[in-house]
Amino acid sequence: MRNAREFNFDGLVGPSHNYAGLSFGNVASFSNVRSASNPRLAALQGLAKMRDLAARGFAQAVMPPQARPNFRLLRKLGFSGTDADVLAQAWREAPVILSCAWSAAPMWTANAATVSPSADTRDGRVHFTAANLNNKLHRSEEHVQATRTLRAIFGNHDHFIVHDPLPSTPAFGDEGAANHTRFAADHGAAGVEFFVYGRVEFDPSAPFPKKYPARQTLEASQAVARLHGLDPVRTVFAAQNPDVIDQGVFHNDVIAVGNANVLFYHEQAFADEAATIDALRRSLAGVGTEFMPVRVASGAVPVTDAVASYLFNSQLLTKPDGKMALLVPHECRENAAVADYLAGLVGSGGPIDELLEFDLRQSMRNGGGPACLRLRVALTDDQAAGMHQGVIMTEALYAQLVAWVERHYRDRVEPKDLADPQLAIECTQALVALERILGLPGLYDVS
């Protein structure tokens with residue numbers, strides 16, 4: 001076992017942050033469709049969380065935003081002329097497609113990729129597979145920049161391999177780390193990788209949701225496990241409960257979160273709860289680790305309250321004393337059932353004994369909580385030294401990014417602003433400046 005730490009790579013909210021409500025099945029996102037947003041506040045809220053966690057001793061880094069609008073998508077769909085012409089034509093003829101090109105969804109970094117640390121992989125390198133996100137038009141091209149960004153940060157081939165995304169077909173619908181959890185006694189120890197899927201493409205008899213789409217397939221999860229060279233004995237696949245998908249649980253991280261040897265989950269999370277928990281317990285026993293499930297009953301927190309508060313889309317973090325803190329959004333305190341449950345949880349004598357609360361309301365309104373904003377990457381000391389250092393959160397970087405946001409971000413974006421070519425120019429200027437701050441020249445394909 002080698003010494004290792006888990007880095008949280010938080011998505012930096014982009015300068016065109018907006019509420020387009022494009023994600024059918026994401027209740028929070030859909031309910032805020034076409035409201036005015038505040039990109040400046042959204043980015044500052046996210047940066048404040050990153051700074052606070054870094055100050056507490058957690059390894060914290062920044063994942064840069066993607067370029068918006070996506071002119072490549074618009075031109076591919078037949079809009080032509082100058083950039084201003086493209087925006088005007090799309091606004092006039094296909095405003096929903098224009099919204100897709102301006103999508104703020106790349107802020108959800110948990111969807112950027114699936115990550116397997118070197119302790120789990122056959123070749124002893126950290127493996128990344130960028131998610132194809134093929135279920136939604138507005139997310140289906142994110143993998144292009146996600147792959148480019150991951151290869152810029154993790155370009156040392158002695159330590160890292162960044163795979164291309166899976167084929168963009170229904171059979172291999174892949175939503176990244178939002179449906180993947182790793183359990184281990186220590187970040188540097190051999191662990192168990194847990195994949196949750198909502199649908200089985202090649203088995204029509206398998207259960208599936210009736211109202212909302214199941215975005216992750218078993219076939220995609222199995223393909224990622226093969227690409228990463230995972231040991232089948234230490235890999236667990238489980239079906240998500242299709243009934244909770246139909247209640248707005250579009251990813252597993254909306255109904256369960258794991259860390260080290262703990263799984264904090266809702267009793268309705270899985271299609272077969274008993275079999276899932278037993279498989280995890282046996283797999284962890286195989287690596288000499290006791291599994292500790294923390295089960296939340298429906299009587300304590302109904303699924304509707306879990307979805308509304310994003311209770312399970314919280315971050316579960318190991319503190320220096322070995323206990324765990326649960327990082328929750330303000331919405332958890334504002335929901336009576338959730339607030340009551342959490343008050344009892346931290347005093348229960350279990351593994352979770354502290355709550356960290358953050359105001360992430362601008363992000364929450366776009367359909368994701370603290371866990372959606374971050375990608376977890378466990379790195380040994382050598383691997384951490386081998387990645388690009390300019391993205392690691394420090395006080396100096398925090399100050400630079402706050403000044404950058406205040407210089408380049410608007411404090412209000414309305415739906416009509418998506419037709420404004422000046423907003424597109426401002427976004428490009430912001431990203432060119434960000435390349436310099438992070439030391440990543442050529443990160444974006446912009447001119």
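Rings of Phe, Tyr and Trp (for Trp, the six-membered ring) pair if their centres lie within 6.5 Å; planes under 30 degrees apart count as stacked, over 60 as edge-to-face and the rest as tilted. By this rule Phe 7, Phe 9, Phe 128, Phe 154 and Phe 160 make up one aromatic cluster. The model is a predicted one, in which local features need pLDDT of at least 70 and side-chain atom pairs count only at pLDDT 80 or more, while totals for chains, interfaces and linings use all residues. Residues are numbered from 1 along each chain as its sequence is written, and side-chain values use heavy atoms, with hydrogens and water left out.

**Aromatic rings and charges**

Searching the whole structure gives 13 aromatic pairs. One of them joins Trp 404 and Tyr 409: the ring centres are 5.2 Å apart and the planes stand at 70°, so the pair is edge-to-face.

A charge sits over a ring if NZ of Lys or CZ of Arg is within 6 Å of the ring centre and within 35 degrees of the ring normal. Arg 5 places its charged end over the ring of Phe 7, 5.9 Å from the centre.

Helices (H or I, at least four residues) and strands (E, at least two) are DSSP runs, numbered from the N terminus. Two strands pair if DSSP finds at least two bridges between them. An open sheet of three strands has the order β2-β1-β15, with mixed pairing. β2 (59-63) and β15 (374-380) are the edge strands, each with a single partner, so one side of each has no neighbour in the sheet. Direction ignored, neighbouring strands of this sheet are turned by 30° against each other on average.

Strand β1 (residues 4-11) and β15 run antiparallel and are joined by seven bridges. Arg 5 stands opposite Leu 379 of β15. Helix α2 (residues 39-55) lies across β1 and β2, at about 155° to β2; axes are lines fitted to C-alpha atoms, for helices over the stretch in contact (heavy atoms within 4.5 Å), and angles run from 0 to 180 degrees between N-to-C directions.

**The β9-β10 hairpin**

β9 and strand β10 (residues 262-266) are antiparallel and share four bridges. In β10, Phe 264 is the bridge partner of Val 257. The two strands form a hairpin with two residues between them, and Ala 260 in the turn has a positive phi of about 55°. Strand β9 (residues 256-259) is covered on both faces, with Ala 256 and Gly 258 buried on one side and Val 257 and Asn 259 buried on the other.

Buried means under 20% relative accessible area, exposed over 50%, and partly exposed in between (1.4 Å probe, protein chains only). The table gives values for buried residues.

| Residue | Relative accessible area |
|---|---|
| Trp 404 | 0% |
| Tyr 409 | 3% |
| Cys 100 | 7% |
| Cys 427 | 3% |
| Thr 121 | 8% |

The whole structure holds zero disulfides, a disulfide being a pair of cysteine sulfur atoms within 2.5 Å. For Cys 100, the closest cysteine sulfur is that of Cys 427, 17 Å away and too far for a bond.

Thr 121 is found in the loop between β3 (113-116) and β4 (126-130). Leaving aside neighbours within four places in sequence, Thr 121 is in contact with Ser 116, His 127, His 228, Gly 229 and Leu 230. Thr 121 and Pro 209 are 88 residues apart in sequence and 33 Å apart in space, C-alpha to C-alpha.
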